[in-house]
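User: I would like to go through this model with you, one topic at a time. Please keep the answers plain.

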Amino acid sequence: MTTVVKSIVSSIKEKGFGGFFRYLKDEGYLFVVEMHYKAVIYSSTVYWQTKIHNIGARLVGVDKFGNKYYEKLENIQHGRHRWVEYAEKSRYNASQVPAEWHGWLHHITDHTGDELLLLKPKRYGAEHKENLSGEGDQYIYHSKGHALNPGQRNWTRYQPWESKAEP
Amino acid sequence: MGFGLLASKAMRPTSRLLNSANPSNLFLRTIVSKPELNKPEPSAATEPPPPDLPPRTPVAGARVHFTNPDDAIEVFVDGFPVKIPKGFTVLQACEVAGVDIPRFCYHSRLSIAGNCRMCLVEVEKSPKPVASCAMPALPGMKIKTDTPVAKKAREGVMEFLLMNHPLDCPICDQGGECDLQDQSMAFGADRGRFIETKRSVVDKNLGPLVKTVMTRCIQCTRCVRFASEVAGVQDLGILGRGSGEEIGTYVEKLMTSELSGNVIDICPVGALTSKPFAFKARNWELKGTETIDVTDAVGSNIRIDSRGPEVMRILPRLNEDINEEWISDKTRFCYDGLKRQRLNDPMIRDPDGRFKAVSWRDALAVVAEIAHGVKPDEIVGISGKLSDAESMIALKDFINRLGSNNVWGEGIGANTNADLRSGYIMNTSIAGLEKADVFLLVGTQPRVEAAMVNARIRKTVRASHAKVGYIGPDADFNYDHEHLGTGPETLLEIAEGRHPFSKLISDAKNPVIIVGGGIFERKDQDAIFAAVETIAKQGKVVRSDWNGLNVLLLHAAQAAALDLGLVPQSEKSLESAKFVYLVGADDIDLDKIPADAFVVYQGHHGDKSVYRANVILPAAAFSEKEGTYENTEGCTQQTLPAVPTVGDSRDDWKIIRALSEVAGVRLPYDTVGAVHARIKTVAPNLVHVDEREPATLPSSLRPTFTKNIDPTAFGIAVENFYMTDAITRASKIMAQCSATLLKK
C-alpha cells in the first residue's frame, strides 16, 4: 500500500494536479469510480486490483482494440507475471484478446503480439472478433435456410408467373 | 501428425524403392507396374485349350442378327468361340463375346475412323496389334484382348492421349462421366513421362448450346462425323496435322443444326459440353428419371436429371424404334422453361382486370357456378399441345356430362376424320422409314416439325439414295430433295399421273407418303387426303406387307386426342361459346372467343391464353406428373414425375375430377387406374404402354377423289423450331437459340 501512495504522490509531483486528474480520466479511473457507485462492484473491484497490479510493471504492448499487456518479472508470484488490462472496462471477457496476443499472454510464446502481427497473412487473415454468445439474438448464428435468419435464402427454384394488367 | 498418418507410417515398410533388391531401380521412372508387361511378347501360337470358360454375356446387350445363316463365321475371342455374321469388325466380335474393348473414336452409329488407336488388340499371326474397330473379322481369327501386347499397346496409346490433355478434371463438366477418365483408370499407366509444355487450343464458338474447351479435345472426330453424317451439316471439320490438329468450323460460324446438342453426348472427353449446364451440377448429384419428351410428336425417350426440385438437364435414352440415341436441341434444352413463368396458385380475375390468388375451393366453386349458368351448347373445352391422355379423357367426360360435345384438341380442325386410326398416324413407323426408297412429303417440313423423323429420313437417303419429293413452301432440308411445287395443284398433278414423280412412286418398291399435321387445320383436308389416297392407290403405297401412307403429327397430344375422339363438331362452336375451358391450349385463336365468354385456363405456364382467362387453375408440367402420351407412329408411352409440382398446382385430370364433383357431375374415377380403365373403353391402345399398335389396313371409307381442292399453297406449320409450346416459349435458352441461330 505504501508503494501505491508513493507512486500517486510522485506522479502528482511530476504532472501537477491538473495533469494527474487528466491522467486519471484517460486511464478510466474516474469512470470506474462512477461505476463503483453504481454498484457494478465485482468488475470494478477486479479493475482496481488490476490497476494496483500494474504498478511497477512493464507495458509490453497495446493491441488494436486498446487492450494493454503488462509483464512484471520481479517480486511476483510465478505464473502471474503476464496479464492484460482490457480496454472494455465493464463487459470484458477473454475472447477480446486477439489471436496474435493470445500466445504471449498464455506463455505459449515469448514473441509479443506486435511481432506476431507481422506474420499475419494479408490476403486471408481474418479480423479478430470477440465471442458474442449470450449478448443477444442478433448475434446467434443461423444457417442460411433457418427461419430465424433474417437473410434466409430463398429456396424457390422456379419463377412464378406474375399477372400484368394486359399483355 | 494425426494418428492415421502415424499408423500408416508404422504399418508400411519405409519405402518400396529403397528396399528393393535391385538398387539400380532407384532412379528409374518405370511406367509399368507389372513385370510381364516390361517385355511383351506375342503370346505363343499354340495355346492349350482353356479348360472351361465361364459363360459370357455380350456387352451392353449386343445382339447378333443373322440375315443369312450361311454368312456366319466363327472367331475366337480369348479362346472363346463366337459366331458372328460376315462383315463384322473385330471389335463387334469382341462385344458379342462379352469383351468390352476400350475405344474413343469408334461409335456404332457413325462411320469408322480408326484414328484413336485405343482399341488395339492382338490377333494371332499378325505382326502388330490391330485396331479392332477397323479390322474386319475373318473366319477362324484368334483374337486376344487380355495379353501383355494388348495391354502394353493400350497403355502406350493412353499415355500419348494424356500427353496433351489438361489436368482440369476437377473443374471439367464431363468429370465423372468422361470416357478418358474411366479408361485411363482402367487401362492407363499410373504415371506419365511427359514433362514438356502441354499444347493449348483456342476455344471455338459453336453457338448458345455447345460449350467448347478445345484444349481437352483428343481428336477422335466423332463430332465431325456426327455433324456430317447424322445432322447433315458440314459445319465441323479438322484442321492441321500432328500436334497442330484442331477441330473447328474453318471460318468462324455457329453450328446450325437442330441436333447439335448430341455432340455433347458423343464427345468422349469434356471438349464439347453443354453451355446451359456448365458448372451447374455434378452428374453424381443428379437423380435420373426415365421419361419421354413432349415438345414434338415424336415422343423421344429421355432421361430427366434433377437435383432436388430442379430439372438440371435432359439426356436421350436409347430407343431404336423412335429416337435411336439422339434427341433434338429443343428436347434437350427446353428444360429451363420449366422453371420460368410457372402458374403456382389458383387465381381469379377481379373486375378491375387483376388476378388474385385464391384457394382451390373458391376457384372451383366459381367455375362450377358459372358452368351451370350457361346453356350446354355454349360450353367448349379445348385441350392443349402438351395434354396427356388422362386429362383429355377427363375433360371430354366432364364437358359431355355438362351436356355439350364441343370438346377438341388443339391443332385438330373441324371434320377431321378420327374414325380411322390409319388416317392420322405414321403407319410405316419411324424405324420403318429406313426401308423406304421414295418419299413424298406433302405440306410437311420434317426438319422443324419432327427433327428425329427427319434424321431417320436423312439416314435412309444417305444409306439407300432414296428419292425425296417435297410439296410445300420453301424449306430447309439437309438431304437431296426435289421441290415439286408449293400447293395442292402439284398433288393433283401427281394424283392424275401428269407429273413425272407419279411414275417414280409407282416404280418404287417401298414408297412412302408423309402428310403434314398442318393439313388438319385446312378446310379442304378431306379433298387433300382423298388426293393423297388416290396417289397411294395408284402407286401401291398401301399393301398388305407395306403401309407407306403416313401422317406426321405436330404435337405430343395430337395422336391421343384423335384416338379419344377430341374432334370439333362444327366450326362455329367457339364463336358462340359462353364458357370456355382450356386445358393448356395456348395456340388457339383467342380473338375468336367472344368478349362475354367466361374462360378457365388450366395449365402450367403463363403463356398466351392466361391473359384472356377469368380463372387460372395451376397444373403440373410433363416433368412433374405421370401422363400417357401417344407419339405420331402410334406408340403409347408414359412420362414419370422427376421433380415435385410447383406451388399449389395439381395433376390435370385430378383438377377436372375435383371440379366435376363441385359442379355436381361427378366423374366415376378417383385413381389413375380407374382413369386408365375408362381410357381403355375408348381407345384400348392407350393403355398398352411402350407398345406400338399398328392401325388396321384402311378400307376406302373416305369420300372418293374430288377436285374440290382449295388452291392456296400449303403453309408452314412450325414457324420457329425452338419455340412451339408453352414450355419452350418460356425458355431463355430457346429464345437465345431462335435469336442467334434463326435470326428471329
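This is a predicted model: local features need pLDDT of at least 70, side-chain atom pairs count only at pLDDT 80 or more; totals for chains, interfaces and linings use all residues.

User: Which residues of helix 17 of chain B are buried?

Analyst: Helix 17 spans residues 652-662 of chain B, and its buried residues are Asp652(B), Trp653(B), Ile655(B), Ile656(B), Arg657(B), Leu659(B) and Ser660(B). An α-helix has 3.6 residues a turn, so residues three or four places apart point the same way.

User: And what covers those buried residues of helix 17?

Analyst: The cover includes four helices and strands that I would name by position: helix 9 (360-373), helix 10 (389-401), strand 24 (615-618) and helix 18 (672-682) of chain B. Strand 22 and strand 23 of chain B are also included.

User: Switching to backbone angles. Which residue other than glycine has a phi near 55°?

Analyst: That is Asp78(B), where phi is positive. Asp78(B) sits in the loop that links strand 1 (72-77) and strand 2 (80-85) of chain B. Most residues other than glycine have a negative phi.

User: Is Asp78(B) buried, partly exposed or exposed, and why?

Analyst: Asp78(B) counts as partly exposed because its relative accessible area is 21%, and the buried class requires a value under 20%.

User: What about Lys125(B), where is it located?

Analyst: Lys125(B) belongs to the loop between strand 3 (120-123) and strand 4 (130-131) of chain B. Its phi is positive as well, about 70°, although Lys125(B) is not a glycine. Lys125(B) counts as exposed because its relative accessibility is 81%.

User: On to Lys385(B). Where is it, and is it buried or exposed?

Analyst: Lys385(B) lies in the loop between strand 15 (379-383) and helix 10 of chain B. With 13% relative accessibility, Lys385(B) is classed as buried.

User: What does Lys385(B) touch, leaving aside neighbours within four places in sequence?

Analyst: Its contacts are Glu410(B), His555(B), Ala556(B), Ala557(B), Gly584(B), Asp587(B), Thr724(B) and Asp725(B). Of these, Asp587(B) is 202 residues from Lys385(B) in sequence, yet their C-alpha atoms are 8.4 Å apart.

User: Which residues lie nearest the centre of the largest cavity?

Analyst: Leu386(B), Ser387(B), Val583(B), Gly584(B) and His604(B) do, out of 16 lining residues. Gly584(B) is also one of the contacts of Lys385(B). Strand 23 (residues 598-603) of chain B gives the largest share of this lining, three residues.

User: How does the lining of the largest cavity divide by residue type?

Analyst: Four residues are nonpolar, five are polar and seven are charged.

User: What domains does chain B have?

Analyst: The domain assignment gives domain 1 (59-146), domain 2 (162-285), domain 3 (347-404 + 582-686) and domain 4 (421-557 + 695-719). The C-alpha centres of domain 1 and domain 4 of chain B are 41 Å apart.

User: Where is Gly565(B)?

Analyst: Gly565(B) is in the loop between helix 16 (558-563) and strand 22 (579-583) of chain B. Gly565(B) is partly exposed, at 27% relative accessibility.

User: Now chain A. How many helices and strands does it have?

Analyst: Chain A has five helices and three strands, and along the sequence they follow the pattern α-α-α-β-β-β-α-α. Chain A has 167 residues, of which 28% count as buried.

User: One residue there: what does Asn54(A) touch beyond four places away in sequence?

Analyst: Asn54(A) touches Tyr70(A), Trp83(A) and Glu85(A). Asn54(A) is in helix 3 (residues 41-54) of chain A and is buried, with a relative accessible area of 10%.

Key. Residues are numbered from 1 along each chain as its sequence is written. Chains are lettered from A and ligands numbered from 1 in the order in which they are written. Side-chain values use heavy atoms; hydrogens and water are left out. On a 1 Å grid over the protein atoms alone, a cavity is a set of points where a 1.4 Å probe fits but cannot get out, and a pocket is an open set with protein on both sides within 12 Å along at least five of seven lines; lining residues have an atom within 4 Å of a point. Helices (H or I, at least four residues) and strands (E, at least two) are DSSP runs, numbered from the N terminus. Ala, Val, Leu, Ile, Met, Phe, Trp, Tyr, Cys and Pro count as nonpolar, Asp, Glu, Lys and Arg as charged, and the others, Gly among them, as polar. Domain bounds come from an automatic or database domain assignment. Buried means under 20% relative accessible area, exposed over 50%, partly exposed in between (1.4 Å probe, protein chains only). Contact means heavy atoms within 4.5 Å.
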